[in-house]
Amino acid sequence: MTDTRIAELARLRAVVAAYGADSERWPAAERDTLRALLAASPDARAIVGDERSLDRALALLDPPAPSEALTARLTRWPLPRAADAPRRGAGIRSVMPVTAAAAAAAAVAIGWLAWTAPPDDGPAPTPTAPAGVVATVESADQIDIAIVNTAMAPIGVAAAQPGDFAEGDEPGKPFDLAEVLPVE
Amino acid sequence: MAPRPALEPHTPPGLGAASAEPTDDGLIARAGRGDRAAWNALVARHLPDLVALGWYVLADRGEAEDVAQEAFLRLVRKVDTWEPGGAQLKTWLHRVAVNLCIDRKRIKRAAREPLDSDAAMSVAAPDALEAFDRRRAVARALRAIPERQRAAVVLVYYQGFSNKEAAHMLDVGLEALESLLSRARRALKERLKHVIDDIGVAP
């Protein structure tokens, strides 16, 4: 056996000891050379064969898929909104600008309560808004949120669009904005 | 040839499969403009691998999901400033996740089995029980080696990264990566001798 072959086998032994028997995992720069060695040398094939059983043992593990709860949580996260985002796209709703949303809700609430304020001796009305009331707060470059009350929902909570819900949510049910914001 | 672990990402329910295969950079750019579908596609594409990475390294599904969530949280903060053509998203996410895993001080070494207990209950035949025992032995052996060695094995063996990519994620040179892998496999062989012997005589 030549010195070159001895060196090649030593390198193959080191590579296989680190990366295993599957040549796809071997360093790309050495893969072709070592594959040629494998084809030509019974000693090389014996070296690789010794590592194959560990590869097979490691392959017994199956990792879990992400839970539906995690997937739902991540896909509900608020995204940043750039200036060139659609300004009035159907179904588009961001919950990021909580401050603006709260301001919108407050504006609607104050306006509605002022409009429906009873006479001093009259009964206090239930603070609700009629179906179809839409309030928007438009800043310099974006619409922050639309509050759509599809039924006589209590003022101050945003009724979500149908596509905004993850599994387990109920369309039309008021939600807490804090629930869908990631915890810092 | 040893069976190679599946590297194809799972598709979470309700997200659908992307047929046009948009690039990560393209999806990030759209997500940065508030495109929910693009963000969901990124989640569908990379979340399974991140959870798997965390599960292999931390041996705990709950902690694995925490790590994956934290990695995506860091991504969502970057989507509007992400520079296309720079770091590959998959490599970037895995590097973040690996560091999160290694930084975690709370490694639950014996609290929870990494294998799904339902899987244990669902098998009844002796062959299946034997297979479950082997899987449990592999999980325990993996859990027993040092974290950086484990991370190296997970990145190269289970997740199919090249030696250069794995070295970059672990912030080590190629020789150091090879050393981590060699020591890991040597330790695993010692711990899994009975499993390897069984597999060796299996048809």
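What we have here is a predicted model, in which local features need pLDDT of at least 70 and side-chain atom pairs count only at pLDDT 80 or more, while totals for chains, interfaces and linings use all residues. Residues are numbered from 1 along each chain as its sequence is written, chains are lettered from A and ligands numbered from 1 in the order in which they are written, and side-chain values use heavy atoms, with hydrogens and water left out.

Let me start with confidence. The model scores ipTM 0.74 and pTM 0.62. Taking helices as DSSP runs of H or I with at least four residues, numbered from the N terminus, chain B has its lowest confidence in helix H5 (residues 117-122), at a mean of 39, and its highest in helix H9 (residues 174-191), at 97. Over residues 109-124 of chain B pLDDT stays under 50, and the model has 27 contacts beyond four places in sequence for that stretch, a contact meaning heavy atoms within 4.5 Å.

Now to chain A. Helix H2 (residues 28-40) and helix H3 (residues 42-58) of chain A pack at an angle of about 110°, with their axes 5 Å apart, where axes are lines fitted to C-alpha atoms over the stretch in contact and angles run from 0 to 180 degrees between N-to-C directions. That makes H2(A) roughly perpendicular to H3(A), a label for angles of 65 to 115 degrees.

Next, the aromatic rings. Over all chains the structure holds five aromatic pairs, counted when ring centres of Phe, Tyr or Trp (its six-membered ring) lie within 6.5 Å. Trp39(B) and Phe72(B) form one that is edge-to-face (planes over 60 degrees apart), at 5.9 Å centre to centre and 90° between the planes. Trp39(B) lies in helix H2 (residues 36-58) and Phe72(B) in helix H3 (residues 61-76) of chain B, so the pair ties together parts that are 33 residues apart in sequence. Both Trp39(B) and Phe72(B) are buried, meaning under 20% relative accessible area with a 1.4 Å probe and protein chains only.

Finally, the backbone. Ala59(B), in the loop between H2 and H3 of chain B, has a positive phi of about 60° although it is not a glycine, and Ala59(B) is buried at a relative accessible area of 4%. Asp171(B) also has a positive phi of about 60°, but at 61% relative accessibility Asp171(B) counts as exposed, the cut-off being over 50%.

Terms used
pLDDT = per-residue confidence, 0-100. Helix = DSSP H or I, 4+ residues; strand = E, 2+ residues; numbered from the N terminus. Parallel < 35°, antiparallel > 145°, perpendicular 65-115°, else oblique. Phe/Tyr/Trp six-rings, centres within 6.5 Å; stacked < 30°, edge-to-face > 60°.
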